[in-house]
Each structure stands twice: as structure tokens, then as C-alpha cells.
Amino acid sequence: MGEFDLIARLVETVADARSDRTTEWGARIVVASGDDAAVTVPKGATAISVDSLVEGIHFRRRTAPLGSVGRKALAAALSDLAAMGAAPGEAYVQLGVPDDLDEAGCLELGEGLAQVAAEHGVAVLGGDVTRTPALWVAITVVGHAGSADELVRRAGASPGDVLAVTGELGGAAAGLLVLDHPELADAVGEQVADALRRRQLEPRPRLRAGRALAAAGASTMIDISDGLGGDAGHVAAASRVRLVIELDRLPLQAGVREVAAAAGVDADDLATGRGEDYELLVTLPPDRAAAASAEVAATGSALTLIGAVEPGEGVVLRAPDGSERPPAGFDQLRP
């Protein structure tokens, strides 16, 4: 398998055949895959993010099918656009291929990526392939908005705002436990265990919910990739406020408490400290909360109020008895 042969096969797998078109979001694609660079002529504002998955750090091939690696790589990158309230547009893929990964494996990964691209209307316009010691997938995504004012940042929360989260929490962390320790599936049954495994392997970016929350007046937003506690800390620091998270309000995915008990770990830690749920944490003026909840429900998700924004700094997790503890989160540079 040569580099250029593989690139040609991957392009065939993931690229949009129409190289000269105007997307739903107003970006004209003039040059797509096959040249030294892609050329687009977007309108309005663009949001750009880069994300990567590294074998041994973010996944293990013995438990993660290659198709799911491709799906997760693009979904995780798109989740950053969801957190800005941007509409997805284009993606660029860098693939690091180890010696023990053959052409069929690369194409399986590409097919998983292509499925997510098709689901969300993303045009994959190019990238790069190189040899690496371990499988590595890095993706740059570009999103669009009518103007920069439509995009939501981490800074902007004010004391008195409410704190809310989309969807359910803890499922990805519980799913990882089940993948690593298959006997834990006995605690919940195969159907629930399968849902937890899929939450870890094939997350879904909340793109429609992010756009709905931006339009509803969200003051800040962030995706939950490194854990609710850690990501809340980024919002608190950027906005110079204190976030109080009420643990008894957290919407846990079905099976999280049972898997946590069987594994001898804290269910609240799975929900707040381990990440990869790719839900959206949002702050809203209180008079916008009801409308925002209705708008998110229309996207097929749910919005749950889990706390408040107060004067001060940092994040606290408050138990039902009133006790407080500091948050935890995943740090990419810590073993």
C-alpha cells in the first residue's frame, strides 16, 4: 500500500463528489480534495477547531472497532462547533498509520468518518497521511454563522444565570468500564450495557442543540469532553464567576449508577470527572431557560438545570446534604 494509493482510496470513501457547490451555510467550495490545498469562499463568520485521537490514550484497538474510531474522531471535533453554536461546514483529516494497520483497516476507519460526515452534512475536503508509531487521527473542522455575534463563547456568564446541561451524563465513562471489564455488563443487562458502550465508542455531537441554545440567548457554552467539573472550570475562569453544580440534579444515563456500584467507583465521579459525554454545558439568563429548554427538546435532546452562577471564582460540586467538594476533570498531559 503506497501513500498516494491510500489517499486516493480514502478520498473516494469520504469526499463529496461535488467540488464546486454552495453549502447550506453559504460557503462555496471551489477546490476540494486532489490539489495542494482546498479553496472555499465562505460568507459571514467561520469557527475553526482541531481535535485528535491517539491510540493508547483515547482508544484501544482491542475494544474500539476501526469504524468507531473514525466516527468518534469526527464527532468529537464537531462537538467543539456545537459548543459555539456554529453550523458544520468542512473537515480536513490527518491520519497517522502504524505498520500493523493495513489498507482495509484504514478504509474501515474512513467509512466510519464518512458516516458522521453524511449525517451532519460535512464536506471532507482533504488532509494528510503519514506513518506513525501508533494510530492517530487529527481533524480540523470549520463551522459557519451569519456573523461572529451569533457564536457563543466561554466568557459571558453573569451571577444570577442558571447552569444547564443537554442530554445525559456518565454514559461514556461507564461504557469504558464495561469495555475494559465485560463482566460489569451483568450489573445492567446487555441492552443497557450496549447503550453505554456505544456512548463511549460513537458519541453524537449536539450540533442542532448548540444552534438552538445560541439562538435562545445562551450566555456561555462549552462541550463536555474532559469532564463536567473540568469543563465547567474553563467557563468559570473565562467568565470570572463561580459555578455551583448540584449533584442531585445531574441527569445520569441509565446504567451509570449500577455499573459504578459494581466497579466500586463513585457514580458522581463518572458523571463529573471522566468526560467524553460530548453534551453541552450552558449558562442562560433565567428568563431564557424555559424557551431554551423547549428549543432543545425540539432537536431531540433535553435540557436539565443543574446549578447556578454566583459571584466569585471556581467550581464546586454540592451534595444533597449541603457539603461541597472540588471538581475533577481529564487532563490530556497527565498520565
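Helices (H or I, at least four residues) and strands (E, at least two) are DSSP runs, numbered from the N terminus. The structure is a predicted model, in which local features need pLDDT of at least 70 and side-chain atom pairs count only at pLDDT 80 or more, while totals for chains, interfaces and linings use all residues. Residues are numbered from 1 along each chain as its sequence is written, and side-chain values use heavy atoms, with hydrogens and water left out.

**Exercise 1. The chain as a whole**

Task: State how many helices and strands the protein chain has, and what percentage of its residues is buried.

Solution. Step one: the protein chain has 10 helices and 14 strands. Step two: the term buried denotes under 20% relative accessible area, exposed over 50%, and partly exposed in between (1.4 Å probe, protein chains only). Of the 335 residues in the protein chain, 52% are buried. Step three: a contact requires heavy atoms within 4.5 Å. Among the contacts in the protein chain with a separation of 6 or more, 83% are between residues 24 or more positions apart.

**Exercise 2. A surface patch**

Task: Determine which residues make the nonpolar surface patch of about 210 Å², and locate Val 30.

Solution. Step one: patches are made of residues with over 30% relative accessible area and no salt bridge, like charges being joined within 9 Å and nonpolar side chains (Val, Leu, Ile, Met, Phe, Trp, Tyr) within 5 Å. Accessible areas come from the Shrake-Rupley method with a 1.4 Å probe, and for residues only the protein chains shown count as cover. Step two: the patch is made by Val 30, Val 39 and Val 41. Step three: Val 30 belongs to strand β2 (residues 28-31). With a relative accessible area of 38%, Val 30 is partly exposed.

**Exercise 3. The surroundings of a glycine**

Task: Decide whether Gly 143 is buried or exposed, and name residues that Gly 143 touches.

Solution. Step one: Gly 143 lies in strand β7 (residues 136-145). Step two: its relative accessibility is 0%, so Gly 143 counts as buried. Step three: leaving aside residues up to four places away in sequence, Gly 143 touches Ala 45, Thr 46, Ala 47, Leu 81, Ala 86, Ala 87, Pro 88 and Gly 89. Step four: Thr 46 is 97 residues from Gly 143 along the chain, yet their C-alpha atoms are separated by 5.5 Å.

**Exercise 4. Salt bridges**

Task: Give the number of salt bridges in the whole structure, and describe the bridges of Arg 71 with Glu 202 and of Glu 310 with Arg 242.

Solution. Step one: side chains of opposite charge can pair when their charged atoms come close. A salt bridge is a side-chain nitrogen of Lys or Arg within 4 Å of a carboxyl oxygen of Asp or Glu. The whole structure holds 20 salt bridges. Step two: in the pair Arg 71 and Glu 202, the closest N and O atoms are 3.5 Å apart. This pair links distant parts of the chain, with Arg 71 in helix α2 (residues 66-84) and Glu 202, 131 residues apart from it, in the loop between α5 (190-201) and α6 (207-215). Arg 71 is buried at 11% relative accessible area, whereas Glu 202 is partly exposed at 33%. Step three: Glu 310 and Arg 242 meet at 2.8 Å, N to O. Glu 310 is in strand β12 (residues 303-310) and Arg 242 in strand β10 (residues 242-246), 68 residues apart. Salt bridges that share partners join Arg 242, Glu 246, Glu 310, Arg 318 and Glu 324 into one network.

**Exercise 5. The open sheet**

Task: State the order of the seven strands in the open sheet, and identify the edge strands.

Solution. Step one: two strands pair if DSSP finds at least two bridges between them. Step two: the order is β9-β11-β8-β12-β10-β13-β14, with mixed pairing. Step three: the edge strands, each pairing on one side only, are β9 (220-223) and β14 (324-325). Step four: β8 (residues 162-166) and β11 (residues 280-284) pair in the antiparallel sense over four bridges. Leu 163 has Thr 283 in β11 as its bridge partner.

**Exercise 6. Positive phi values**

Task: Locate Arg 240 and Glu 276, and state which is buried and which is exposed.

Solution. Step one: Arg 240, in the loop between α7 and β10, has a positive phi near 60°. At 73% relative accessibility, Arg 240 counts as exposed. Step two: Glu 276, in the loop between α9 (267-272) and β11, has a positive phi of about 70° although it is not a glycine. Glu 276 counts as buried, at 14% relative accessibility.
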